[in-house]
Amino acid sequence: MGMRDLSTEFGRAGLEFITVADPGHPYIPPAVAAAATNASEFPGRRWFEIPDDAPDLVERGNAAWHEMCCGHGLFTSEDRRFLVAVDLSEDSAYGTRWWAEVALTDDWDVVGEGSAGILGLGRGRPVFVMLSRDGDVAVRGDLWQRSIGGVLVPDVQRMQRSRQATGWILDDPRSSPADLRAVRRWLDHLAGLPDR
């Protein structure tokens, strides 16, 4: 997907496209962040779930997403910028999926128009991975058997589950060289962080 397409697609969701994050930055790879949000036992984990047949699904989903994310580390009311995983497979410098920086506008619609485009599989069907700009908070939007929802995991870089999730990328012969570099760069970055 080209930069112009990203701007248009994010615009539909009410997100201002700022830039694609530097592929040399040691952010957690999107696939690892997505896997890490499955950790139900992690302290500070937040989530919401709404029946997929709710008549006000989009409105409730948008409200729940915003309440979960604003002030819990993805963004704040003062700084509404964050990262969203996007498919950049056409550009081998980035790997299959990498991070695009966006800013929430006043007319945002993540679960409605956003999910009908770049953030999902259709209106009211959110499927996305988001990351705070400091790389510490991951958010995943997902579909479940009879509901939609979202999960926020703080301190995702320090989770053992995040480190374990890198194994399948490193062991998969189909992983692109850029994806392998991203995982190794992130693991090297983690090795230099002090324990908390």
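Leaving out neighbours within four places in sequence, S132 is in contact (heavy atoms within 4.5 Å) with G73, L74, L83 and V137. Keep in mind that this is a predicted model, where local features need pLDDT of at least 70, side-chain atom pairs count only at pLDDT 80 or more, and totals for chains, interfaces and linings use all residues. Residues are numbered from 1 along each chain as its sequence is written, and side-chain values use heavy atoms, with hydrogens and water left out.

So where does S132 sit? You'll find S132 in the loop between β5 (128–131) and β6 (138–143). Strands here are DSSP runs of E, at least two residues long, numbered from the N terminus. S132 counts as buried because its relative accessibility is 1%; buried means under 20% relative accessible area, with a 1.4 Å probe and protein chains only.

| S132 part | Partner | Distance |
|---|---|---|
| S132 side chain | D134 side chain | 2.5 Å |

Now over to strand β4 (residues 97–104). This strand is largely enclosed by the rest of the structure, because 7 of its 8 residues are buried. Strands pair if DSSP finds at least two bridges between them. β1 (residues 15–20) runs antiparallel to β4, joined by 5 bridges, with T19 partnering E101. β3 (residues 81–87) pairs with β4 in the antiparallel sense too, over 7 bridges, and there A85 stands opposite W99.

Definitions and conventions. Buried means under 20% relative accessible area, exposed over 50%, partly exposed in between (1.4 Å probe, protein chains only). Helices (H or I, at least four residues) and strands (E, at least two) are DSSP runs, numbered from the N terminus. A polar contact is a pair of N or O atoms within 3.5 Å; within protein, one must be able to donate a hydrogen and the other to accept it, and residues adjacent in sequence count only if both atoms are side-chain atoms.
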